[in-house]
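Welcome! Take a moment to look over the sequence and the structure below, and then we can walk through a few features together.

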Amino acid sequence: MSGFNIMEDKLSNAQIAWRAAQDIGDGSYVNLGIGFPEMIARFQPEGRNVTYHTENGVLGFGKAPAEGDEDWDLINAGKKAITLKPGASFFHHADSFAMVRGGHLDLAVLGAYQVAQNGDLANWRVGSKSVPAVGGAMDLVHGAKRVAVVTDHVTRDGAPKLVESCTFPLTGLGCVTRVYSSLAVVDIVDGKFVLREKLPQIPMDALQAVTGARLHSEGQVGDLIVPADI
Amino acid sequence: MNKLCPDLVAAVADIPDGATVMIGGFGGSGAPVELLHALIDRFRATGHPARLTIVNNNAGNGGIGIAAMIRAGMVAKVICSFPRSSNAEAFNEKYLAGEIELELVPQGTLAERIRAAGAGIPAFYTPTSYGTELAEGKPAEEFDGRMYVRERWLKADFALIKGQQGDTVGNLTYRMAARNFNPLMAMAADRTIAQVSRLGEPGCIDPQQVITPGIFVDTIVEVPEPQQEEVLVRMGVVY
């Protein structure tokens, strides 16, 4: 082996977010899921105009306000205070989810417990012990032109999160189109994982060993290179 | 036709035991806190209304509003999308003790079920939840090569909502993202009770700015400078 340690040499969440941000085109309408996916907005490349949607009825919001300047009637779906950009709009919840299911968003990005090679996503609960809560996750996976996942490639215990089929309760069937992981960028095409980029340091067999289903390649696999200082 | 109600006590006086009550708001914004607290006052004084079914996106936060209703023991069931908030101890304790029923509904489906009820549409098909445990037992059908789940309308006996500007014929505006579920719930209940920060005569709202037309509102009560749920939760207020 090359001495690559997947727990130490993998990308940080910020670096995964940076990579995902590079694919968001100028003029896109985007919903970023609560938590980790929200970080993507920080890395939006200069010169691109991206309009962010939040489930609770705001289109065109910007950064968080300074502490003390919060207006708690102006929040996102994560219940965090936000600010508005010029051109923003408010709407009720039925219109908000019409934007989601109706195919009006270019991209939705979510977190994942597991993603299967056929695009199934499990990201809302892992067991039956706690209080179940689904929020907008089951809606967000349907309708956006692209549904991407940002995630560690493996769990804390080292188990693959990219799997043949999900064992956790499903959020949606066949919905994910691309995965940005801590080791690779993987597309889901015709029920298969297609490897687009991988960290240059990790050998192919080592990447396959921590992936729960076969990684296919179509042509050349690119190098996954992100700034080291983020 | 004057829908003006003089005070909060009178506004919530007719809600009976066992009623299904929609409550506007999402997270800490848009909740009709004063109407909810008036309802709690009535329950503490009279034991009614009890065994309520509450419809909201969440299941209460901190010790006020819906959380305080749950603690007071007047809620039998919650229909919501996201009960597991960071300050949802009131619901969590009752749920884990088996003392409150939960119907979990994906957020967009919850919104559309409420809208459908208000629009007279008994059922509709949505891609949301197809193939998941939340679709178990529901009819599914293929349209243009994709599978969809049939969902039913969701009606209520009462809706308690919060607007910003209102007039005595029931027209309403909303403040920023405090709009959320409020306009939908106003349509879906047999009787909609709205609290507003400012109340005026007909004509005080530019017709082009009306969000909820007065036909959807039955009772309106003025609550100047209303309390904001998120602020109360952050202050640790317990009602």
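## A residue to start with

Is K3(B) buried, partly exposed or exposed? This is a predicted model, and in it K3(B) has 18 other C-beta atoms within 10 Å. A residue counts as buried with 20 or more such neighbours and as exposed with 12 or fewer, so K3(B) is partly exposed.

You can find K3(B) in the segment before α1 (8-11) of chain B. Although K3(B) and G170(B) are 167 residues apart along the chain, their C-alpha atoms are separated by 6.6 Å. Leaving aside neighbours within four places in sequence, K3(B) is in contact with T168(B), V169(B) and G170(B), and also with V217(B), D218(B), T219(B) and I220(B).

## Chain A as a whole

Turning to chain A, you will see four helices and 14 strands. Its C-alpha atoms fill a box of roughly 55 × 40 × 35 Å along the principal axes. A compact globule with 230 residues would have a radius of gyration near 17 Å, and the 18 Å of chain A agrees with that.

Buried residues account for 47% of the 230 residues in chain A. Of the contacts in chain A between residues at least 6 apart in sequence, 66% join residues at least 24 apart.

## Where the chains meet

The contact between the chains takes 30 residues from chain A and 39 residues from chain B. On the chain A side, α2 (93-101) and α3 (137-140) each supply at least two residues. The most comes from α2(A), with five residues. Sorted by class, this side of chain A has 16 nonpolar, nine polar and five charged residues.

Technical notes
Residues numbered from 1 in each chain as written. Chains lettered and ligands numbered in written order. Predicted model: local features only at pLDDT ≥ 70, side-chain atom pairs only at ≥ 80, totals over all residues. Rg over C-alpha atoms; globule rule 2.2 N^0.38 Å. Contact = placed C-beta atoms within 7 Å. Nonpolar A, V, L, I, M, F, W, Y, C, P; charged D, E, K, R; others polar.
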